Amino acid sequence: MIGIGGSTIAEELAKIKPNINDIQPIQKEEFQQRIQKASSLLKKMNAQAMYLHAGTNLFYFTGTKWNSSERMVGAILFSNGDIEYIAPKFEEGTILDFMLIQGKVQCWEEHESPYELFIALLEKRNINGGTVFIDEATPFFVSNGISKLTTSYNFEDAKTITASCRMVKSKAEIAIIQRAMDITLEVQKATARILHIGISTKEVTEFIHEAHKRYGIPSGSYFCIVLFGVDSSFPHGVKTPKDLEENEIVLVDTGCQLHDYISDITRTYVFGTPTNKQREIWNIEKETQLAAFNAAQIGNSCASIDKASRAVLENNKLGPNYKLPGLPHRTGHGIGLDIHEWPYIVSNDSTILEPGMCFSNEPMICVPREFGIRHEDHIYMTESGPKWFTKPMLSIDNPFGE
């Protein structure tokens, strides 16, 4: 097997040099453009405000990083582009320190209701009714606390706006994701080279984490799934993963986070000599992934990609639908600030593909009690059609095309 085994952890780590210095994070001007776009959408929908809760959406639009907790922290984006932040009084200084897009910080003391403050801020702007969008990731205790106070507003899911903005990536976003993907692919190649009979998934996971750090990713791996043999038939792993044996399937799914954007690549191959069945399923997986790529054309729907995947599987007497052996989940998911975001490559997502959309192509084939094969690369849409972030695997005998 070309590129599989033959090296050591120490040798591979020693080769790595940092590779992120020329990639810049998203600049303030782009955050301002995002606010302008969201404000325009609010006006178009005859709404005057949108609440952004602490987390990804707050960061996407304002550049302010804050983790969600039991306290209400967020911001109201008004249709004229103004931002007003909501935070506990004792956190005011920290909010000001983290703030990128300027706005007033409206505070509540620990014994006061942040939900009453939220309503008061709307009323202060003479917003006394109509549609107000609520961040779809807002915890229930916050949205429920607000809705209990008034019947004057029509609170709606902000996904209509947040997804419309976030799933179409800018050139700067795509450049960051591309570098993160490039790094993770190199880590995948190095991972294949360190394998040997008896190596544990813990050893491999620790290597992947350290390798990402050596490339300049301070946080290391964003996530890591390493599975050998029958364990690979469970898409997201098992409680007690086994050590590697000869002639077994190896499935490695990992990624990192660069300037807040995420990479995500899965590689599946055999350590040793593939069986006829492993080879057959591996090749069907490759054919299925290519069919999904070819279906990803401007103007087509996300659902049509999933349909194209399943057509190949059914032609090979796998499935149908989610039945096993076959594909037990959707064909893919969007990626960006979250590892799973819009659009989703699944039969009930009618989203029409447009330039800037980024999503995974991973039509995994699971053979129960035997093995699973997942080829996962990501696509970004251009005016002329789909482009790969990373080159798909070549063959089961030479998976990395070395």
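**Ground rules.** I number residues from 1 along each chain as its sequence is written, and side-chain values use heavy atoms, with hydrogens and water left out. Because the model is predicted, I take local features only at pLDDT of at least 70 and side-chain atom pairs only at pLDDT 80 or more, while totals for chains, interfaces and linings use all residues. Helices (H or I, at least four residues) and strands (E, at least two) are DSSP runs, numbered from the N terminus.

**Entry 1: H10 and H11.** I looked up how helix H10 (residues 276–295) packs on helix H11 (residues 302–315). Their axes come within 8 Å and cross at roughly 150°. Axes here are lines fitted to C-alpha atoms, for helices over the stretch in contact, and angles run from 0 to 180 degrees between N-to-C directions. H10 and H11 are therefore roughly antiparallel to each other. The classes are: under 35 degrees roughly parallel, over 145 roughly antiparallel, 65 to 115 roughly perpendicular, and the rest oblique. I noted the crossing of H10 and H11 as right-handed; that is, the near helix is turned clockwise from the far one by less than a right angle, anticlockwise being left-handed.

On the H10 side the contact holds Ile284, Glu287, Thr288, Ala291, Ala292 and Ala295; on the H11 side it holds Ser304, Ile305, Ala308, Ser309, Val312 and Leu313. Contact means heavy atoms within 4.5 Å. By class, the residues of this contact are eight nonpolar, three polar and one charged. The nonpolar set is Ala, Val, Leu, Ile, Met, Phe, Trp, Tyr, Cys and Pro, the charged set is Asp, Glu, Lys and Arg, and the others, Gly among them, are polar.

I then checked H10 by itself. Its 20 residues should span 28 Å at 1.5 Å a residue, and the end C-alpha atoms are 29 Å apart, which agrees. The expected span is 1.5 Å times one less than the number of residues. The buried residues of H10 include Ile281, Trp282, Ile284, Glu285, Thr288 and Phe293. Buried means under 20% relative accessible area, exposed over 50%, and partly exposed in between (1.4 Å probe, protein chains only). An α-helix has 3.6 residues a turn, so residues three or four places apart point the same way.

**Entry 2: H5 and H6.** Helix H5 (residues 114–124) packs against helix H6 (residues 140–147) at about 60°, with the axes 9 Å apart. That angle makes H5 oblique to H6. The crossing is right-handed. H5 brings Tyr115, Phe118 and Ile119 to the contact, and H6 brings Phe141, Val142, Gly145 and Ile146. Six of the contact residues are nonpolar, one is polar and none is charged.

**Entry 3: H8.** I repeated the length check on helix H8 (residues 171–194). Its 24 residues should span 34 Å at 1.5 Å a residue; the end C-alpha atoms lie 35 Å apart, which agrees. H8 is mostly covered, with 17 of its 24 residues buried.

**Entry 4: backbone exceptions.** Most residues other than glycine have a negative phi, and most peptide bonds are trans. I went through the loop between H11 and strand E11 (332–334), where Pro320 lies. The peptide bond joining Gly319 and Pro320 is cis, with omega about 0°. Pro325 is in the loop between H11 and E11 too, and the bond from Leu324 to Pro325 is cis with omega near -5°. Asn321 also has its place there; its phi is positive, near 55°.

Asn46 is another non-glycine with a positive phi, about 55°. Asn46 sits in the loop between helix H2 (28–44) and strand E1 (47–53) and counts as exposed at 67% relative accessibility. Asn126, in the loop between H5 and strand E5 (130–134), is exposed at 63%.

**Entry 5: two buried residues.** Met381 lies in strand E16 (residues 377–382) and counts as buried at 2% relative accessibility. Beyond four places in sequence, Met381 touches residues including Gln297, Ile298, Leu353, Met357, Phe359 and Pro386. Asn57, in helix H3 (residues 56–62), is buried at 2%. With neighbours within four places set aside, Asn57 is in contact with Leu52, Asp135, Glu136, Thr162 and Arg166.
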